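This report is for a reader who is new to the structure.

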Amino acid sequence: MIGETHSNRPFRGEIENSDLAEPEISRGEKENLEVIPVKHSMGGKSLYDIIWTTNAFPLIVSERTIELFKSNGISGWKTYNVEIYSKKNEFIKQKYYGLIITGRCGYRDYSKSSIVMNKIGITMEPHSKGFYFKDNYWDGSDLFMCNPDENGNSNMFRFCTQKVADLFKKEKIKNISLEKTTDFYMSISLYNIELTKEQKLEIEKLKASR
């Protein structure tokens, strides 16, 4: 699972026109033909291979990252054009692209997750552990996102194969975190996760054993 490092040091951008930062663009479900300005919003001047934005949805990557995808046969992606601007609103010549992830997997199937106790603040609360795909579906792409669920709802979880993770590590791609899907935790109470009878029984057993 691809995520942020939440470091305050790297350059973080902002796309001022929210219409150009919609999740459907990053998911490849809405075509964008514009060159999108990405302006400095917070963080330092340092441009890493990965730029996150205050808009939450866009993922901006360096030309070096794109060339690594091409030379290593990484599948499941395409790009749109962006321009990077400094804190002083000066154009930065380094080439970056908006990353579109076209690969797909099934929507999250909570029924396959195990139930564990994990911390929320200072208290231990029940969590679901593991991100599993509906019907075990995955189209085989190296970069992929979930299909919409049965109600048409989408999410912005981004995934990659071990091949991509190894490539990022080897090439020292910075400002990105990678977590195994089997290690992913989510609070059951905070996210109002619907549980199976077996999972509810597991929660009762965990609470009784404390």
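A residue is called buried under 20% relative accessible area, exposed over 50%, and partly exposed in between (1.4 Å probe, protein chains only). The model is a predicted one: local features need pLDDT of at least 70 and side-chain atom pairs count only at pLDDT 80 or more, while totals for chains, interfaces and linings use all residues. Residues are numbered from 1 along each chain as its sequence is written, and side-chain values use heavy atoms, with hydrogens and water left out.

Most residues other than glycine have a negative phi. Ala-56 has a positive phi near 80°, and Asn-175 has a positive phi near 70°. Helices and strands here are DSSP runs, numbered from the N terminus: helices are H or I with at least four residues, strands are E with at least two. Ala-56 sits in the loop between β4 and β5; Asn-175 sits in the loop between α3 (162–170) and β14 (177–178).

| Residue | Phi | Relative accessibility | Class |
|---|---|---|---|
| Ala-56 | near 80° | 48% | partly exposed |
| Asn-175 | near 70° | 10% | buried |

Two strands count as paired if DSSP finds at least two bridges between them. Strand β4 (residues 50–52) and β5 run antiparallel and are joined by 3 bridges. Ile-51 is opposite Ile-60 in β5. The hairpin of β4 and β5 has 6 residues between the strands, and Ala-56 has its positive phi in this hairpin. β5 also pairs in the antiparallel sense with strand β8 (residues 96–101), over 3 bridges, and here Ile-60 stands opposite Gly-98.

In a regular strand the side chains alternate between the two faces of the sheet. In strand β5 (residues 59–62), Leu-59 and Val-61 point one way, Ile-60 and Ser-62 point the other way, and all are buried.

**An open sheet and a helix**

Another set of 3 strands forms an open sheet in the order β10-β11-β15, with antiparallel pairing. Its edge strands, β10 (114–120) and β15 (185–187), each pair on one side only. From one strand to the next the twist averages 50°. Strand β11 (residues 123–129) pairs with β15 over 3 bridges, and Lys-129 has Tyr-185 in β15 as its bridge partner. Helix α4 (residues 197–208) packs on this sheet and touches β10 and β11, and its direction makes about 50° with that of β10. Contact means heavy atoms within 4.5 Å; axes are lines fitted to C-alpha atoms, for helices over the stretch in contact, and angles run from 0 to 180 degrees between N-to-C directions.

**The largest nonpolar core**

A nonpolar core is a set of buried Ala, Val, Leu, Ile, Met, Phe, Trp, Tyr and Cys residues joined through side-chain atoms within 4.5 Å. The largest has 21 residues, and those with the most contacts inside it are Ile-50, Phe-69, Leu-99, Leu-143 and Ile-176. β4, β5, α2 (63–71), β8, β12 (143–146) and α3 each supply at least two residues; α3 gives the most, with 4 residues. Not counting residues up to four places away in sequence, Leu-99 touches several residues, including Leu-59, Val-61, Phe-69 and Trp-77.

**Cysteines**

How many disulfides are there? A disulfide is a pair of cysteine sulfur atoms within 2.5 Å, and by this rule the count is 0. The cysteine sulfur closest to that of Cys-105 is in Cys-146, 3.9 Å away, so it is too far for a bond. Cys-105 is buried at 0% relative accessible area, and Cys-146 is buried at 0% relative accessibility.
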